[in-house]
Amino acid sequence: MSWLIFEDQAEGAAALIVAGTGFLLAGALVMEHIFMMDPCPLCLMQRLWFAIAGLLALAALIHSPRWGISPLLTILAALIGGGFSIRQLWLQSLPADQVPACGPDMTYMLENFPLADVLAAMTRGTGDCAAVSWQFGLTIPGWALVGFIGIIIVAGLQLRSAIR
């Protein structure tokens, strides 16, 4: 039995991950450029890991979706991205007096700080990562976490069909 329009479930799962990550990244760009919501460092890290997960699934489609390492790497990328979502959710849950200080914006940091400092800010987050913006009942990192969990589930289905 074919799954969607693909020869097997592994292809369909990889294509679904590629389409899903593309949709999520497009949504992030709409929020940034249309709704003028500047992303914080942790938001940028989540975008990066969505892109990595999507590119790994695309590589699986190009090479072989039944090759078991591709869904494993996609799951790993989604776990790392989900960790950044959880970190941002934790920062958002802190009382106001415990939130870390806000840092400069990313453009300024990239132009004036060493790359190691920029990467540290992107992995730890800053006070602007604690700003809460609700979208359809969840915060933005909450929706990102839902997206990463979805990627993990679909990549798990891809892995299961690849090892059959």
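## Exercises on contacts and surface

A search of this whole predicted structure finds 1 salt bridge.

**Exercise 1.** Which side chains meet in the salt bridge, and which helices hold them?

*Solution.* Start with the residues. Glutamate 32 and arginine 47 form the salt bridge, at 2.7 Å from N to O. Glutamate 32 lies in helix H1 (residues 9–33) and arginine 47 in helix H2. The two are 15 residues apart, and the pair links distant parts of the chain.

**Exercise 2.** Classify glutamate 32 and arginine 47: buried or exposed?

*Solution.* Buried means under 20% relative accessible area. Glutamate 32 has 19%, so it is buried. Arginine 47 has 18%, so arginine 47 is buried.

**Exercise 3.** Count the aromatic pairs, then explain why the pair of phenylalanine 50 and phenylalanine 148 has its class.

*Solution.* The count is 1 aromatic pair. The ring centres of phenylalanine 50 and phenylalanine 148 are 3.9 Å apart. Their planes stand at 5°, so the pair is stacked. Now locate the partners. Phenylalanine 50 is in helix H2 (residues 41–62), phenylalanine 148 in helix H6 (residues 140–162). They are 98 residues apart in the chain. Finally, check accessibility. Phenylalanine 50 is buried at 6%, and phenylalanine 148 is buried at 1%.

**Exercise 4.** Which residues make the nonpolar surface patch, and why can isoleucine 80 be called partly exposed?

*Solution.* List the members: Trp67, Ile69, Leu72, Leu73, Leu76 and Ile80. Together they make a patch of about 520 Å². Isoleucine 80 sits in helix H3 (residues 69–93). Isoleucine 80 has a relative accessible area of 31%, so it is partly exposed.

Notes. Residues are numbered from 1 along each chain as its sequence is written. This is a predicted model: local features need pLDDT of at least 70, side-chain atom pairs count only at pLDDT 80 or more; totals for chains, interfaces and linings use all residues. Side-chain values use heavy atoms; hydrogens and water are left out. Patches are made of residues with over 30% relative accessible area and no salt bridge: like charges are joined within 9 Å, nonpolar side chains (Val, Leu, Ile, Met, Phe, Trp, Tyr) within 5 Å. Accessible areas come from the Shrake-Rupley method with a 1.4 Å probe; for residues, only the protein chains shown count as cover. A salt bridge is a side-chain nitrogen of Lys or Arg within 4 Å of a carboxyl oxygen of Asp or Glu. Helices (H or I, at least four residues) and strands (E, at least two) are DSSP runs, numbered from the N terminus. Buried means under 20% relative accessible area, exposed over 50%, partly exposed in between (1.4 Å probe, protein chains only). Rings of Phe, Tyr and Trp (its six-membered ring) pair if their centres lie within 6.5 Å; planes under 30 degrees apart count as stacked, over 60 as edge-to-face and the rest as tilted.
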